[in-house]
Amino acid sequence: MTLSRLQPVRGTRDLLPDDCRRHRLVGETARAIAERYGYGEIATPIFEFTEVFKRTLGETSDIVTKEMYSFTDRGGEMLTLRPENTAGVARAFISGELGQLLPLKFFYAGPMFRHERPQKGRLRQFHQIGVELIGVAEPLGDIEVIGLGAHILDALGVLGRTTLELNTLGDAESRQAYRAALRDYLGARRAALSPESQERLERNPLRILDSKDAGDRQLIQDAPRNAEFLNAASADFFKRVRDGLDAIGVRYTVNPFLVRGLDYYCHSAFEFTTTELGAQSAVLAGGRYDGLIETMGGPPTPGVGWAAGIERLSMLVADVPMATRPIALVPVGAAGEAAALALAAELRRAGFAIDLGYRGNMSKRMKHANKANARAALLIGDDELAKDIVTLRDLDSGGQEAVERGRLAERLAAFR
RNA sequence: GCGAGCGUAGCUCAGCUGGUUAGAGCACCGGAUUGUGGAUCCGGGGGUCGUGGGUUCAAGCCCCAUCGCUCGCCCCA
């Protein structure tokens, strides 16, 4: 391709300071709340051996078959930029031999990569926050993890614009039984299915349940229901999760058609959805993955977790955090210039945000201070130097006062 | 991978049935203001009309291709 007009790779974006502040608000809010629940941050590499994702996501999943950024490195290893982080965390658990430390509670935040067609709320490099609770087989784990997600959404002020949809896939036995029943029912009506769903019938019949096609939805209304195929243990598990959510005041809607795309899920599947992101509805989604770690060659270990898209959350967050308001230094004349340089260093070390204009006469620098949204301006010219003071101007009120140089830091505390 | 829509200044857009030298607002820079920002006024810079080809006496406008963006499908955060 030609570089005559330099562009970012399709589906990637530059995050300018305003964007970064938004992202940071999401990440830091989530991290702080997750820590209250005892979740420590984990950072795994952004690439892994391709095999890590192939084995965990299932050979036939869309992510593996067409969305991975894979490449061969100089040593001939097949590597892949992570399309999600659960597989990486599970791999870290296994390769770090962390089984003695169960239960483990991880929080993460970072970039993920999927080779998809970009659209609203969907990028090729995007960012996720997420949590994984490893080693807890009880419904209490599901409840905690979902409650933590709701807590974070609430802290960000977006919980009210989402709906928590909840379903159960049951354990392996229940899921197999339902899958077979669904395949029989839909197989008998194959001709009436949309072309996409005819495909799904072979690969993953459960996916037909959340088809957007009107004809499919019609058929699904009368299809066998998941609930009828849950064995006693699975039904009880689901009830305990629902009771727990009721107990902690998390509202949800049971959606029997909610399924997850990845193979390793069982029992709880959940999505906090919104109607404000175009064709994308999921803001925070996850579920239980008891079989995953064993599938990867580790000891049989249950897990439950979720991931949330930072870009999607950012679009829902109403107020952009403001940049720190600096204090502007405005020197007048050469002597003032030299004094301002030293004063800037001193005040920055003392913890103040200082904007030191680089050029221009006083009027220009005041204009610049205003554009920088400075809280106050410190004027330093010959008059001030002679009296060992600086002139402090409050840029919000317009009030101005002389402050002794020795008392400056003390007086400025009010403008921090 | 498939489908649709859109590309004119840094941004948002106007530009008539094709017809002189492509405009506006905002933003930016300078001045009114050589020790005082925001408001106002005056002035200025900035465009190969995404790119390439075609039709025409004449193309920002019509046709084709191509690149890019956006939205949707699939799938997903």
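**Close-up views of a predicted model**

**View 1. Helix α6 passes helix α7 in a left-handed crossing.** Welcome to this predicted model! The axes of α6 (residues 172-187) and α7 (residues 195-203) come within 10 Å and cross at roughly 145°. Look for R179, R183, L186 and G187 on α6, which meet L201, E202 and R203 on α7. Sorted by class, this contact has four charged residues, two nonpolar and one polar.

**View 2. Helices α5 and α9 meet in a right-handed crossing.** Here α5 covers residues 139-155 and α9 covers residues 232-247; their axes come within 9 Å and cross at roughly 40°. Because of that angle, α5 is oblique to α9. From α5, the contact uses P139, D142, I143 and I146, while α9 brings F237, R240, V241, G244 and L245. Six of the residues in the contact of α5 with α9 are nonpolar, two are charged and one is polar.

**View 3. The largest nonpolar core has 43 residues.** Which residues have the most contacts inside it? They are I134, L182, L186 and L209. Several elements give two or more residues to this core, including β5 (104-113), β6 (125-134), α6 and α8 (214-221). The biggest share comes from α4, with five residues. In general, nonpolar side chains tend to be buried together in soluble globular proteins.

**View 4. L209 has contacts with residues beyond its sequence neighbours.** Setting aside neighbours within four places in sequence, L209 touches Y178, L182, I220, P256, F257 and V259. Another core, of 38 residues, lies apart from the largest one; among its members are L148, V250, L277 and L284.

Note on methods: Residues are numbered from 1 along each chain as its sequence is written. Chains are lettered from A and ligands numbered from 1 in the order in which they are written. This is a predicted model: local features need pLDDT of at least 70, side-chain atom pairs count only at pLDDT 80 or more; totals for chains, interfaces and linings use all residues. Side-chain values use heavy atoms; hydrogens and water are left out. Axes are lines fitted to C-alpha atoms, for helices over the stretch in contact, and angles run from 0 to 180 degrees between N-to-C directions. Helices (H or I, at least four residues) and strands (E, at least two) are DSSP runs, numbered from the N terminus. Angles under 35 degrees count as roughly parallel, over 145 as roughly antiparallel, 65 to 115 as roughly perpendicular and the rest as oblique. A crossing is left-handed if the near helix is turned anticlockwise from the far one by less than a right angle, and right-handed if clockwise. Contact means heavy atoms within 4.5 Å. Ala, Val, Leu, Ile, Met, Phe, Trp, Tyr, Cys and Pro count as nonpolar, Asp, Glu, Lys and Arg as charged, and the others, Gly among them, as polar. A nonpolar core is a set of buried Ala, Val, Leu, Ile, Met, Phe, Trp, Tyr and Cys residues joined through side-chain atoms within 4.5 Å. Buried means under 20% relative accessible area, exposed over 50%, partly exposed in between (1.4 Å probe, protein chains only).
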